[in-house]
Amino acid sequence: MKHILDQEKTLKKLDPDKVYESISLFPLQLKEAWEETSLLTIKANFSKVNKICIAGMGGSALAGRIIEHLAPALTNLPIFISSNYRLPTWVDTNTLVIASSYSGNTEETISSLQDAISRKAKILVITSGGTLEQLAQKNNLDIFHLDTNKNPSGKPRLGLGSSLGAHLGLLQRLKILNSQELNMGSASDSLNNVKTNPAKTLARQTKGKSIIIISANHLNGSAYVAKNQINESAKTFSVNFHLPELNHHLLEGLSLPKQLKTLTHFILLNSENYPKKIKDRLLITKEVLTKQGYPVTVIKPESSSMVDQALETILFFEYFSFYLAMVNGVNPGPIPWVDYFKKRLASPL
């Protein structure tokens, strides 16, 4: 009998929201949004920007998380993420604030945009519409309008390619990023080389397990995306820890409860671009985990540049989270508990 991942009709029944189709369009989302940023007429003067704050929540903050951890390879300016109702106190007139909300109705991001306006920050807005776009238009701000046609699922987290392409393209337009490290042609090649069979195999191995992802440096943003996608699409508990910090505490927290070993699978992200110290730490971390009886899988992107590796890792985990949903027998599209929370928050308590 065929495994569920090889039963096309069953997969389609479990995926009525076209999550798989949106995932497969990630490379095209990225490429088209990147190209569209070159057509945007930018009205404001961003020449004196000396730091960047990206305001967003959930799926709309994922592009910022990726760029934040790629920043050392792409720019000399500091890049920070703000996921709250107010911006950090250091945001001022020389700060570029990117307000990012796929729907345009994320209340925290709307509040952050109002905060940025009051502080007279330099502002770019990335959205598909909603209240955020209306507020930006009212204040004559620069807006990049996200094209949602390449995201048939309609889920913000699955429009990540468009969001990321927009962020990278706009930062490139403002000459904030180092173009030598950012090659969309190379990125497209690395994404086209992502193979789905290893993602299927890993999904089979991790069925019914919680996922702990260990990463470092430029892959930390990709790992953040991965655990979010696993949470939302596979409805599976997943967290991310960073090297070298985790070596100072996590390894002692894995002894109890005893049943943790049967319920957890570790995924370690490796890279040829890690410094030797990080490579050594990853190797020894795997050794310690194995000695403690935990199943461990090491994933290593095949591409060479840090940007390409980050993108390759993201797409791999998008496929993995989908296949994990399939082997767990759950619909990867809806997020009922998040929706329930939002409805309760909007109601009088």
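**Figure 1. Thr 109 in helix H5.** Thr 109 belongs to helix H5, which spans residues 107-118; helices (H or I, at least four residues) and strands (E, at least two) are DSSP runs, numbered from the N terminus. The structure is a predicted model, in which local features need pLDDT of at least 70, side-chain atom pairs count only at pLDDT 80 or more, and totals for chains, interfaces and linings use all residues. Residues are numbered from 1 along each chain as its sequence is written, and side-chain values use heavy atoms, with hydrogens and water left out. With a relative accessible area of 1%, Thr 109 is buried; buried means under 20% relative accessible area, exposed over 50%, and partly exposed in between (1.4 Å probe, protein chains only). When its neighbours within four places in sequence are left aside, Thr 109 is in contact with Ala 55, Gly 56, Met 57, Ala 99, Ser 100, Ser 101 and Leu 132, where contact means heavy atoms within 4.5 Å.

**Figure 2. The open sheet of 5 strands.** The strands follow the order E2-E1-E3-E4-E5, and their pairing is parallel; two strands pair if DSSP finds at least two bridges between them. From one strand to the next, the twist averages 20°; axes are lines fitted to C-alpha atoms, for helices over the stretch in contact, and angles run from 0 to 180 degrees between N-to-C directions. Strand E3 (residues 95-101) is joined to E4 by 6 bridges, and the two run parallel. Within this pair, Ser 101 stands opposite Thr 127 in E4. Helix H5 packs on the sheet, where it touches strand E1 (51-55), E3 and E4, and its direction makes about 155° with that of E3. Helix H6 also packs on the sheet, touching E3, E4 and E5, with its direction at about 145° to that of E4.

**Figure 3. Strands E4 and E5 with helix H6.** Strand E4 (residues 122-127) and strand E5 (residues 142-145) run parallel and are joined by 4 bridges. Ile 126 stands opposite Phe 144 in E5. Together, E4, helix H6 (residues 130-138) and E5 make a right-handed β-α-β unit; a crossover is right-handed if, with the strands pointing away from the viewer, the path from the first strand over the helix to the second runs clockwise.

**Figure 4. Ala 61 in the loop between E1 and helix H4.** Helix H4 covers residues 62-74, and Ala 61 has its place in the loop between E1 and this helix. Ala 61 counts as buried, at 4% relative accessibility. Leaving aside neighbours within four places in sequence, Ala 61 is in contact with Gly 56 and Ser 83. Ala 61 and Val 225 are 164 residues apart in sequence, and their C-alpha atoms are 9.4 Å apart in space.

**Figure 5. The open sheet of 4 strands.** Here the strand order is E7-E6-E8-E9, with parallel pairing. Strand E7 (238-242) and strand E9 (296-299) stand at the edges with a single partner strand each, so one side of each is left without a neighbour in the sheet. On average, and with direction ignored, neighbouring strands of this sheet are turned by 20° against each other. Helix H12 (residues 276-291) lies across E6, E8 and E9 and runs at about 165° to E8.

**Figure 6. Strand E8 and its partners.** Strand E6 (residues 210-215) pairs with strand E8 (residues 264-269) in the parallel sense over 5 bridges. Ile 211 stands opposite His 265 in E8, and Ile 214 stands opposite Leu 268. E8 is also joined to E9 by 4 bridges, and these strands run parallel. In E9, Thr 297 is the bridge partner of Ile 267. The chain passes from E8 through H12 to E9 in a right-handed β-α-β crossover. In E8, 6 of the 6 residues are buried, so the strand is largely enclosed by the rest of the structure. Both faces of E8 are covered, with Thr 264, Phe 266 and Leu 268 buried on one side and His 265, Ile 267 and Leu 269 buried on the other.

Figure 7. In helix H8 (residues 184-192), Met 184, Ala 187, Ser 190 and Leu 191 are buried. These residues are on the same side of H8 because they cover an arc of only 115° around the axis; the arc is that of the directions from the helix axis to the C-beta atoms. The buried residues of H8 pack against helix H3 (26-37), helix H7 (160-173) and helix H13 (306-327).
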